[in-house]
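Thanks for coming, everyone. Let me put the model up, and then we will walk through it together.

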There are 2 protein chains.
Amino acid sequence: MGENADTEIIEHHVDEEMEKKRILRSHGSSFMESVTPSERDGHSSTQSSHRLLAYSDALISIIATVMILPVAHTKVQDNEELKESLQVLLTTKIAVYLMTFLIVTVAWAAHIRLFQVIERIDDCLALLNLACMMLITFLPYTFSLMATFPENILGILLFCACVMVLGLIQAVIVVYGFSRPFLLNDQIQVSENHVFYKHHILKVIMRVPIMCFFASIFSFIFFQLSYVILAIIIFLPYISQSLKWCRSKAIAIIIFLPYISQSLKWCRSKAIGQVEETPDSFLFYTYHPNEPLSKERVEAFSDGVFAIVATLLILDICEDNVPDPVVVQNQYGGSLVAALQEYGPEYLAYFGSFATVALLWFVHHSLFLHVTRTTRFMGLLNTFSLAFVGGLPLAYQLTHEFPRNSRNELEAIQISCVIIFFAGVFQLAIWVAALFSERETLHPYVRYGGREHTFMLAKLALYPCVALGTFFLTCFLSKFSASIFHMMEITVPFAFLLLRLLVRGGLALLRLVFCPDRPETRSALEEEEEEARMPFNAMIT
Amino acid sequence: MGENADTEIIEHHVDEEMEKKRILRSHGSSFMESVTPSERDGHSSTQSSHRLLAYSDALISIIATVMILPVAHTKVQDNEELKESLQVLLTTKIAVYLMTFLIVTVAWAAHIRLFQVIERIDDCLALLNLACMMLITFLPYTFSLMATFPENILGILLFCACVMVLGLIQAVIVVYGFSRPFLLNDQIQVSENHVFYKHHILKVIMRVPIMCFFASIFSFIFFQLSYVILAIIIFLPYISQSLKWCRSKAIAIIIFLPYISQSLKWCRSKAIGQVEETPDSFLFYTYHPNEPLSKERVEAFSDGVFAIVATLLILDICEDNVPDPVVVQNQYGGSLVAALQEYGPEYLAYFGSFATVALLWFVHHSLFLHVTRTTRFMGLLNTFSLAFVGGLPLAYQLTHEFPRNSRNELEAIQISCVIIFFAGVFQLAIWVAALFSERETLHPYVRYGGREHTFMLAKLALYPCVALGTFFLTCFLSKFSASIFHMMEITVPFAFLLLRLLVRGGLALLRLVFCPDRPETRSALEEEEEEARMPFNAMIT
């Protein structure tokens, strides 16, 4: 009986595995496979890479946002003007933060690409990946060195050495993966062009380390050139991607005569059909802005950034804002409440920044619930949004460091508004980019004309609108800037709670004003039918 | 044609949803459901809670480990003995760290319990959950206040206020969830005892806030009593769980006459069968140590802790270890390399701590790959292991703060060994606890006698053994303690890489020594058959 039960369990397990696999294949992703020992004869140590990637995402997201700490901890003196001290900040620390964020996300994108090819791991690959992570976490430090000692080549050399070793480890991972084909993506596994794939991927991977090698050699001769090379390494993929995407979309919009767009659509659907049907077609390492990006990993990375950013201020508060017992005894006559009142603005800053970050996460979460497929371009916009989110704790910390109604306070509040605005606007941009190819990237319910479309738009537009409104209000009513800002903080969460009601009311009002003769209560089915009749979709895509 | 394509896509999507659901239901978990608007008529805003929980796990894991920072940043003067300064540390900051870790994991366990009942969310629940998170992240600060001002009741009051508001929000979530039954767990949805469930859950949830209410009232009269109540709140669930588990296991082991164990097994299997078959049976909020705990959430929480701990030191390095240009110019004659050599030991500490944390993560990852179901008791052991992991950066930072061959250095290294030892031993304990009920909790391949069993054991035992060995070596060869420690750091990663070979070699050797007449090359099938024949399983379970 024991034996029977055992084999039954195993069979059941295998059945489930098979079913899962089939579904996953139809989804085109593979992040949920659990252990499948002995499934591929003898390779009992093969594992799903899901958790390894989640851990890597957590590490990379923490490292990407860490460099905001030196910026936040720079003490801005109240007697000097905020602008001047900000210039000092801007020149080095903020630049280091942004550069680190961008380079780390470049490394992260490379990591995603690599593990879209290698879908299963074993112990050896897991350890190699951890070595990669160690090197990536060291990158921000080399950037700090470069920013503090721009004329010293040590920073460049360290950075180049890290990147070259990283490239080597990645190459080892690829070679190891291709030597054990059961670790590879199913698409590659089925194809017969293993050698071709391998060489292409190695070529792409080694491009950056080789450029770094030249940069490190040039640093001995003429170090300015090294910086140019490094800048090319960081920015080129971003710029070329954005340009390509904009161009392709511009063409699609300008030539919006329906028949041409229809034929374009036909061509593209043919092209996509081909891509999906022939397994040997090239979907990896193309650097095309429409190349798919693992949605799960974008979410995991974003979650990591939002989580660490939301808690950055409590890190400081726990460490710095517990008063010294001696000081409390001498200065406040033993009254802890009086001593803590000193820190009042800091608690306010903490709750404000936590609430803002949490609500931006909420918007991001709502958006990605409706996204079915992410592209590289959407990933890029997401990165920009996250870079601004990372700046939020700094902005909130600034708001409470100056006395009430000083010019510095006003400027700090305005900077906060600008940062919130851009963080929100880039989220909105993800949505707009998704709408451009909504048939592939969005769930039917949120497409243009869909039932949830307006509500989603309202969610995404709330923060940018509120931030813009607060910015202009503080310009006119500069005396009440702090009160306006705090009022905004308090009302926004409630606005999110009541948003659905507000949107429904607004829509009903609009309908009443513009088409009073149309029946108001349409069934969901009718709405869906209308969605299919919508001319907008056909025109744009 | 457009309409056709659309409906096809939707149908396909719904089909997939259904299939996924069926599989997930058979797995007993529901963490992978994606958006299912309009599936439950009209409730288009219902969402899967997967990402919300992942984000909550990330936040809670960061907060749990944050309080190690004040400990790590306490400057230990070299002239005083480490022991004395450690006593100062021990009394307050380490206590705060451990207390925070425990209370946050208690809050986390409550959160898991809550979202095992409420499986789907909507916008309102998401926002309420974010409010919960904000309060949880504030808990460590109240603990710091309590530790610094033990005789001032403000800390107690703040803590109690936080917990009471938390309890209220959770109660609101439960009431809201039960008012919209489609958000609930399928098991509860099907049952007819909604009111009974609701009252039971509310009763359990409100227990802690009510105790806190009494604690806050007693704090005005006799504040020592409040601390007793708080201690009961934190430790009671842990102690009662461990005692229960130990007792049940002790009974099972002492009475190991096969027929009794067989009948016990039969009884239990009957009991489990009943539990799984009758939907009205009680699996929620039982506080039983064998109550299942979401494996995904344990993994996500552990990943968060490992990630933040691995990067804690680079946070410090990036901020503090970039030398000032003026200092470099004046003290080192402009030589950056000479200035950075000062920080050499800190880089070493960083790489050492990162490698250790990463390898402990690797062991954890390997272990949980083979675990099919986690119980509350395993979660408890995991919490203890993680609490020690959180102490690692501190230990590594201590190792480089003292001059070579001082007594302090020796003690710092020994503390590191002890921490690594306990972090590893608790991981081993998870494995042992899983082995006790291996049929429910472990994959067949790693059960006693399984193919991967020895290998898994070796992986888990490596760190405790090495730490213990290093500890005793440094006792005898105290002069070379630093070299021994660094040698250990370098060799361990390679040991992991070669572990499979080592284990295979060791096993072959053992086989050769003890049963030289047995054939060495047995097929996997034979091994599996032998596994079924193993008497051990029947004896213990």
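Start with Asp57(A). This residue is buried, at a relative accessible area of 1%. Buried here means under 20% relative accessible area, exposed means over 50%, and partly exposed is in between, with a 1.4 Å probe and protein chains only. Its partner is Arg297(A), and the two form a salt bridge with closest N and O atoms 2.7 Å apart. A salt bridge here is a side-chain nitrogen of Lys or Arg within 4 Å of a carboxyl oxygen of Asp or Glu. Arg297(A) sits in helix 11 (residues 295-320) of chain A and Asp57(A) in helix 2 of chain A, so 240 residues separate this pair, which links distant parts of the chain. Helices are DSSP runs of H or I with at least four residues, strands are runs of E with at least two, and both are numbered from the N terminus. Arg297(A) is buried as well, at 5% relative accessibility.

Quick word on ground rules. This is a predicted model, where local features need pLDDT of at least 70 and side-chain atom pairs count only at pLDDT 80 or more, while totals for chains, interfaces and linings use all residues. Residues are numbered from 1 along each chain as its sequence is written, chains are lettered from A and ligands numbered from 1 in the order in which they are written, and side-chain values use heavy atoms, with hydrogens and water left out.

Now the salt bridges across chains. Over all chains, the structure holds nine salt bridges. How many lie across the interface of chain B and chain A? The rule finds four there.

One of the pairs is Arg51(A) with Asp303(B), where the closest N and O atoms are 2.9 Å apart. Arg51(A) belongs to helix 2 (residues 50-66) of chain A and Asp303(B) to helix 11 (residues 295-320) of chain B, so this pair joins two chains. Buried or exposed? Arg51(A) is buried, with a relative accessible area of 6%. Asp303(B) is buried too, with a relative accessible area of 6%.

Next, Lys459(A) and Asp123(B). Their closest N and O atoms are 2.7 Å apart, and they form a salt bridge. Lys459(A) is in helix 18 (residues 453-476) of chain A, and Asp123(B) is in helix 5 (residues 123-148) of chain B, so here again two chains are joined. Both Lys459(A) and Asp123(B) are buried.

On to the interface as a whole. Chain B gives 103 residues to the contact, and chain A gives 103 residues. Contact means heavy atoms within 4.5 Å. Together, chain B and chain A bury about 9,200 Å² between them, with 71% of it on carbon and sulfur atoms.

How do the two copies relate? Chain B superposes on chain A by a rotation of 180° with 0.0 Å of shift along its axis, RMSD 0.0 Å. That is the relation of a two-fold axis. The superposition is by least squares on the C-alpha atoms of residues with pLDDT of at least 70 in both copies. Of the interface residues of chain B, 98% are also interface residues in chain A, so the copies meet through the same surface.

Chain A by itself now. It has 22 helices and four strands. Of its 541 residues, 52% are buried. Among contacts in chain A with a separation of 6 or more, 77% are between residues 24 or more positions apart. Chain A exposes about 23,400 Å², and carbon and sulfur atoms supply 68% of that. Those accessible areas come from the Shrake-Rupley method with a 1.4 Å probe; for residues, only the protein chains shown count as cover.

Last, the cysteines. The count of disulfides over all chains is zero. The rule asks for a pair of cysteine sulfur atoms within 2.5 Å. Cys160(B) is buried, at 0% relative accessibility. Cys475(B) is partly exposed, with a relative accessible area of 38%.

Technical notes:
Buried area = accessible area lost by both parts, 1.4 Å probe.
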